[in-house]
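Please read the points below with the coordinates open.

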Amino acid sequence: MKTLYLATHNLHKKEEIQNIFESHPVLGGLFRIESMDSLGFHEEIPETAGTLEGNALQKARYIHQKFNVDCFADDTGLEVAALGERPGVFSARYANMPDSFEESGFVSPESLKMPDPTFDQNIDRLLFKLQNKPRQARFRSVICLIMDERTYYFEGVVNGIILHERHGIQGFGYDPVFQPDGFDKSFAELDMARKNAISHRGKAVEAMVSFLERRAARP
Ligand code: IMP
């Protein structure tokens with residue numbers, strides 16, 4: 001059995017991804033997903049590239065080089081059309097960004113050095129900046145997999161709208177204010193299996209799973 005390490009300390013993400021792997025019994029018998037804890041690694045993983053692809057590669061490469069293991073990392077951004085597709089790659093640090101960020105995209109070096117704001121602070125800024133603007137948005141996830149010394153990318157997207165208020169308590173991040181198209185509930189009102197079936201990360205992980213299944217079936 002091959003072990004793939006997931007380069008994140010985010011327990012919600014780990015649980016979501018492990019859940020998807022477990023729903024594929026054949027693959028579950030071929031690959032085991034392990035967390036950073038099993039490597040005894042608790043430090044922060046650098047995430048300083050300016051794109052989702054760059055961050056996913058940076059995180060996967062950092063763990064690969066440090067521990068010489070096969071591993072993967074995901075990076076996700078919330079892209080809001082009326083805000084010039086921002087906060088995007090800066091979703092985790094949105095509340096730290098300068099006032100003009102939505103218009104100019106300018107990111108000050110100081111804002112990158114600050115500790116991450118809370119999920120609630122990021123949501124508050126988003127709701128404040130959107131006010132009466134159109135509320136179309138999408139989550140985009142990119143996974144970078146480094147396996148057998150080769151690098152692969154997988155992407156997943158889910159379209160939806162930003163709600164005016166928080167709904168639900170499950171999930172994490174912007175889940176309480178993101179309602180996926182075709183649903184009348186926010187991500188935070190869906191259980192993990194339903195979120196995974198339609199979410200950005202769910203789709204990116206499924207793309208990786210299909211790739212691993214095709215590869216495993218090769219003679
Ligand atoms: P990361 O850098 O991939 O961990 O994600 C950046 C930020 O995007 C996180 O801090 C969350 O605020 C947000 N985010 C990522 N995935 C999700 C999700 O599935 N639901 C809601 N917010 C998310």
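The numbered points below start with conventions and then go through the structure by topic.

1. Conventions. This is a predicted model, in which local features need pLDDT of at least 70 and side-chain atom pairs count only at pLDDT 80 or more, while totals for chains, interfaces and linings use all residues. Residues are numbered from 1 along each chain as its sequence is written, and side-chain values use heavy atoms, with hydrogens and water left out.

2. Largest nonpolar core. A nonpolar core here is a set of buried Ala, Val, Leu, Ile, Met, Phe, Trp, Tyr and Cys residues joined through side-chain atoms within 4.5 Å; buried means under 20% relative accessible area, exposed over 50%, and partly exposed in between (1.4 Å probe, protein chains only). The largest such core has 21 residues, and Leu 78, Leu 126, Ile 162, Tyr 174 and Phe 178 touch the most other members. At least two residues each come from strand S3 (71-80), helix H6 (119-130), strand S5 (136-147) and strand S6 (150-162). H6 gives the most, 4 residues. Helices (H or I, at least four residues) and strands (E, at least two) are DSSP runs, numbered from the N terminus.

3. Not counting residues up to four places away in sequence, Leu 126 touches Leu 78, Val 80, Leu 83, Tyr 94, Ile 162, Tyr 174 and Val 177, where contact means heavy atoms within 4.5 Å. Another core, of 20 residues, lies apart from the largest one, and includes Ile 17, Leu 27, Phe 154 and Val 209.

4. Cysteines. How many disulfides are there by the rule used? The count is 0, with a disulfide taken as a pair of cysteine sulfur atoms within 2.5 Å. For Cys 71, the closest cysteine sulfur is in Cys 144 at 7.8 Å, which is too far for a bond. Cys 71 is buried at 0% relative accessible area, and Cys 144 is buried with a value of 0%.

5. Ligand. Of the 16 residues around the ligand, Lys 13, Glu 47, Asp 175, Lys 195 and Arg 201 come nearest; a residue is near if one of its heavy atoms lies within 4 Å. A backbone N or O atom of Thr 76 is 2.9 Å from a ligand oxygen atom, and a backbone N or O atom of Tyr 174 is 3.1 Å from a ligand nitrogen atom. His 200 has a side-chain N or O atom 2.9 Å from an oxygen atom of the ligand. The protein covers 93% of the 470 Å² of accessible area that the ligand has on its own.

6. Gln 179. This residue sits in strand S7 (residues 178-180) and is buried, with a relative accessible area of 16%. The side chain of Gln 179 reaches the backbone oxygen of Phe 183 at 3.0 Å.

7. The cis peptide. Arg 86 and Pro 87 are joined by a cis peptide bond, with omega about 5 degrees. Arg 86 lies in strand S4 (residues 86-88), as Pro 87 does. At 21% relative accessibility, Arg 86 is partly exposed.

8. Positive phi. Asn 68, not a glycine, has a positive phi of about 55 degrees. Asn 68 is in the loop between helix H3 (52-67) and S3 and is exposed at 60% relative accessibility. Glu 85, also not a glycine, has a positive phi of about 65 degrees. Glu 85 lies in the loop between S3 and S4 and is partly exposed at 41%.

Notes. Polar contact = N/O pair within 3.5 Å; in protein donor to acceptor, adjacent residues only side chain to side chain. Areas by Shrake-Rupley, 256 points an atom, 1.4 Å probe, with all protein chains shown as cover.
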